[in-house]
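Biologist: Show me how to read this model, one feature at a time. Start with charged pairs, please.

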Amino acid sequence: MKKNYKMHVFAFFTILIWGSAFPFTRIIGDQFSSYTLACVRCVVPAVFLLLLGKSFALKKPFCKTDLLWFAITGMGAYSACSLFFNLGLETLTSSTASMVTSIAPVLTAIGVWKIYGENIRPVGWLCICAAFAGVCILLLWQGSLSGGIGILWEALYAVVFAVYNVICRKLGEKGYSPMDIVTWSAVFGAVEMLAFVPATVSDFCEATVPAALAVLYIGLFPAGLAYIFWNRALDMAENTSTVSNWLFVIPLVASVLGFVLLREVPDMGTIIGGIVIIASVVVFSLKGVPGSKQLDAEKNE
């Protein structure tokens, strides 16, 4: 199987799993607070990945500086990321939340352009502006902040996750495997959420069986297995944006599952804003970033 094909397969399955996190989080409802649910999304995958890591020759952090990097990726993929995600879904539907988070690949592209020199064409910058315009439509459709604070939380989620994507490239270049990166990120994320463990245990004792199973699903799959697939895809990619652009598919997956599982019907603001966002990011994916061969040619000119 060709490397490029395998990269897209890993990214595809990641997006399917991550898309399911939106409706499953809403199914849990108020049986778990956003803080205790974030704790589960950190602790469960940390334990799972540490046990799994024994079969993958897990490497320890090389130096003290790397501990700081893993503390940041722990926030970007787990502690802060999960908390912002859950707080946003307190007031947003699955489709609206997923469309706001679709700005993450755009922010990732900006980050790798600024830090690593991955090029963005002029049309790419126009797409970035259009994507943010789509978010503004979501925010202001009803004459005020129609999504309330929820959209702002999901926007913060997109920011910290973009930071995670950018740092993953740095850690990969230092010699860490995808399994190393996701495992130590989860461990540090769990440490950052330890204060919420007592409340989490209490919520588990009071939750219904379906809600508890949904929480465990989120901890093992969207917060655990999916990150292994994602970091594997990032490790294979010559251009980070080639993988991060797959995040644009999440709104479609989340919207379909939200309708099937929760009968969520998006309002007109969500539809229009979503179309603007998706169209912008699709064009960005196709035209905004040169392929690796073209990029090398441009550097040699």
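This is a predicted model: local features need pLDDT of at least 70, side-chain atom pairs count only at pLDDT 80 or more; totals for chains, interfaces and linings use all residues.

Biologist: Which residue forms a salt bridge with D66?

Modeller: A salt bridge is a side-chain nitrogen of Lys or Arg within 4 Å of a carboxyl oxygen of Asp or Glu. In this structure K174 is the partner of D66, and their closest N and O atoms are 2.3 Å apart. This pair links distant parts of the chain. K174 sits in the loop between α8 and α9, D66 in helix α3, and 108 residues separate them. Helices are DSSP runs (H or I, at least four residues; strands are E, at least two), numbered from the N terminus.

Biologist: Is D66 buried or exposed?

Modeller: Look at relative accessible area: buried is under 20%, exposed is over 50%, and partly exposed lies in between (1.4 Å probe, protein chains only). D66 is buried because its value is 0%. K174 is partly exposed, at 35%.

Biologist: What about D235 and R232: how many residues apart are they?

Modeller: Their side chains meet in a salt bridge too, at 3.7 Å from N to O. The two are three residues apart in helix α11, which means about one helical turn between them. D235 is partly exposed at 38%. R232 is partly exposed at 32%.

Biologist: Which pocket lining includes D235?

Modeller: Start with the idea. Rolling a probe the size of a water molecule over the atoms shows where empty space is left. On a 1 Å grid over the protein atoms alone, a cavity is a set of points where a 1.4 Å probe fits but cannot get out. A pocket is an open set with protein on both sides within 12 Å along at least five of seven lines, and lining residues have an atom within 4 Å of a point. D235 belongs to the second largest pocket, which has 14 lining residues. C168, R169, G172, L234 and D235 lie nearest its centre. The pocket holds about 230 Å³.

Biologist: Which helix gives the most to that lining?

Modeller: α8 does, with five residues. At least two residues each come from α8 (149-173), α9 (178-192) and α11 (209-236). By class, the lining has five nonpolar, four polar and five charged residues.

Biologist: How many cavities of 30 Å³ or more are there?

Modeller: Two. The largest cavity has about 100 Å³ of space. Its lining includes W18, F22, R41, Y157 and I250. Helices α1 (3-28), α4 (79-88) and α11 each supply at least two residues. Ten of the lining residues are nonpolar, one is polar and one is charged.

Biologist: What is the volume of the second largest cavity?

Modeller: About 50 Å³. W18, T101, S102, A104, Y157, F161, L247 and I250 line it. Six of these are nonpolar, two are polar and none is charged.

Biologist: Where is L247?

Modeller: L247 is in the loop between α12 and α13. L247 counts as buried because its relative accessibility is 5%. The C-alpha atoms of L247 and S98 are 9.4 Å apart, although 149 residues separate the two along the chain.

Biologist: Which residues form the nonpolar patch on the surface?

Modeller: They are I27, V249, L252, V256, F259, V260, L261 and V265, with about 710 Å² of accessible area together. Helix α13 (residues 250-262) gives the largest share, five residues. V249 comes from the loop between α12 (240-244) and α13. V249 is partly exposed, at 31%.

Note on methods
Residues are numbered from 1 along each chain as its sequence is written. Side-chain values use heavy atoms; hydrogens and water are left out. Grid points are joined across faces, edges and corners, and a volume is the space filled by probe spheres set on the points. Ala, Val, Leu, Ile, Met, Phe, Trp, Tyr, Cys and Pro count as nonpolar, Asp, Glu, Lys and Arg as charged, and the others, Gly among them, as polar. Patches are made of residues with over 30% relative accessible area and no salt bridge: like charges are joined within 9 Å, nonpolar side chains (Val, Leu, Ile, Met, Phe, Trp, Tyr) within 5 Å. Accessible areas come from the Shrake-Rupley method with a 1.4 Å probe; for residues, only the protein chains shown count as cover.
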